[in-house]
Amino acid sequence: MSDAVSPGSETSAASGPVVVLAGGTGGARLARGMLDVAGEQLVVIANTGDDVEIYGGHVSPDPDLITFWLADRIDERGWGLQNDTFAAMDGLRELGHDIWFNLGDRDLAIAIHRAQALSGGRSQTAAQAEIGAALGLTARVLPMSDRPVRTRINAGGRWWPLQDFMIRRRGEGPIDGVEYRHAAAALPSPEVLDAIRDACAIIIGPSNPVISIGPILAVPGLADAIIASAAPVVAVSPLVHGAVLKGPTAACLAWAERTLDSDGIAAAYTPLIDGLVADERAQEIVTLERDVRLDTPQRRREVAQATLAFALGLTPPESSES
């Protein structure tokens, strides 16, 4: 079902991009709700720590997931393009390949396009823009960096690339270590820095703080740019009534020595955020206490609208002095 509605008047007080940091399903769903609220002013900075080179393509799961959601092309299974087919995967299985990472045919075409773009000298930002344009996107989805960063997880006595950990190990903890390989050599793209500098509000989506948002903030200069921005910064909790809806968030927070509650989420983003949106109040930061479920188009729009209004309300008034 399409979420599509015309953007409302909620951004009348906005004077710049609405920037959302996101990765995974929660972040993508909030971004889709924010599209209804902010329209073309929406800019999503997406995690690329999950990226994997496979089947001759370069798969960028989070930017593509977000793009599919924003284009109303997400499949009902929650990933991949709507009504995609899997003939290529079936053919590779028939040839004896181990297909542990399932990719639809049109999804594979996107991965091959990206790989060719990168090998031809274009940036990952440019390649993602081409993919978004082909799917009719009006908002922007920006990879966090044009340089590679790869998240790795230490669990079960060995290090796993993120996709291997999530699929082969099923995301099972406990987690003994997390690293953002090559992050020290990465830089935010000029497009990312411009969006943060010009933002009217910066929203950290309800994503896993360690493996979805952590890689973004690990890019040197990106967190500093957020701190330096005049925009209010708020996070939306990925927890619903203290529970994780999907993925290894609990194991990740335990590794990070954060509690599985609003205080733990707020602590994960200190000193970046000015406020938190959650269904449970945090003790040390101003909290908009409300339902944060994102399972229907109406809830996505309502959470996005309330989050943006909350963020804009935290903007300090301009000085009356000349």
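Student: Is N83 buried or exposed in this structure?

Tutor: The category follows from the relative accessible area, with exposed meaning over 50%. In this predicted model, N83 has a relative accessible area of 62%, so N83 is exposed. N83 is found in the loop between helix 2 and helix 3 (87–94).

Student: What is the value of phi at N83?

Tutor: Phi of N83 is near 60°, which is a positive value in a residue other than glycine. Y55 also has a positive phi, near 55°, and is likewise a residue other than glycine. Y55 lies in the loop between strand 3 (52–54) and strand 4 (57–59). Its relative accessibility is 23%, so Y55 counts as partly exposed.

Student: Which residues are joined by a cis peptide bond with omega of about 0°?

Tutor: The angle to read here is omega. G173 and P174 are joined by a cis peptide bond with omega of about 0°. P174 lies in the loop between helix 6 and strand 8 (177–181). A cis peptide bond also joins T270 and P271, with omega of about 10°. P271 has its place in the loop between helix 11 (262–268) and strand 13 (275–278).

Student: How many aromatic pairs does a search of the whole structure find?

Tutor: Two values describe such a pair: the distance between ring centres and the angle between ring planes, where an angle over 60 degrees counts as edge-to-face. The search of the whole structure finds 2 aromatic pairs. W79 and F86 form an edge-to-face pair, at 6.2 Å centre to centre and with 70° between the planes. W100 and F101 also form an edge-to-face pair, at 5.6 Å centre to centre and with 75° between the planes.

Student: Why does W100 count as buried?

Tutor: Buried means under 20% relative accessible area. W100 counts as buried because its relative accessibility is 18%, and F101, at 7%, counts as buried too. W79, at 35% relative accessibility, counts as partly exposed.

Student: Which residue lies over the face of W79?

Tutor: In this case one looks for a charged group above a ring. R77 lies over the face of W79, at 4.1 Å from the ring centre. The charged end of R158 sits over the ring of W160, at 3.8 Å from the centre of that ring.

Student: How much space lies in the largest pocket?

Tutor: Rolling a probe the size of a water molecule over the atoms shows where empty space is left. The largest pocket holds about 1,200 Å³ of space. It is lined by 45 residues, of which G24, T25, L65, M166 and K246 are the closest to its centre. At least two residues of this lining come from each of helix 1 (24–38), helix 2 (61–70), helix 6 (162–167) and strand 11 (239–240). By class, the lining of the largest pocket has 21 nonpolar, 16 polar and 8 charged residues.

Student: How many helices and strands are in the chain?

Tutor: The chain has 12 helices and 14 strands. Its radius of gyration is 19 Å, close to the 20 Å that the globule rule gives for 322 residues, so the chain is as compact as a globular protein of that length. Along its principal axes, the C-alpha trace of the chain spans about 70 × 40 × 40 Å.

Student: What percentage of the residues of the chain count as buried?

Tutor: Of the 322 residues of the chain, 54% count as buried.

Technical notes
Residues numbered from 1 in each chain as written. Predicted model: local features only at pLDDT ≥ 70, side-chain atom pairs only at ≥ 80, totals over all residues. Heavy atoms only, no water. 1 Å grid on protein atoms, 1.4 Å probe; cavity = no way out; pocket = protein on both sides within 12 Å on 5 of 7 lines; lining within 4 Å. Points joined across faces, edges and corners; volume = space filled by probe spheres on them. Helix = DSSP H or I, 4+ residues; strand = E, 2+ residues; numbered from the N terminus. Nonpolar A, V, L, I, M, F, W, Y, C, P; charged D, E, K, R; others polar. Phe/Tyr/Trp six-rings, centres within 6.5 Å; stacked < 30°, edge-to-face > 60°. Buried < 20%, exposed > 50% of the residue type's maximum accessible area, 1.4 Å probe, protein only. Lys NZ or Arg CZ within 6 Å of the ring centre and 35° of its normal. Rg over C-alpha atoms; globule rule 2.2 N^0.38 Å.
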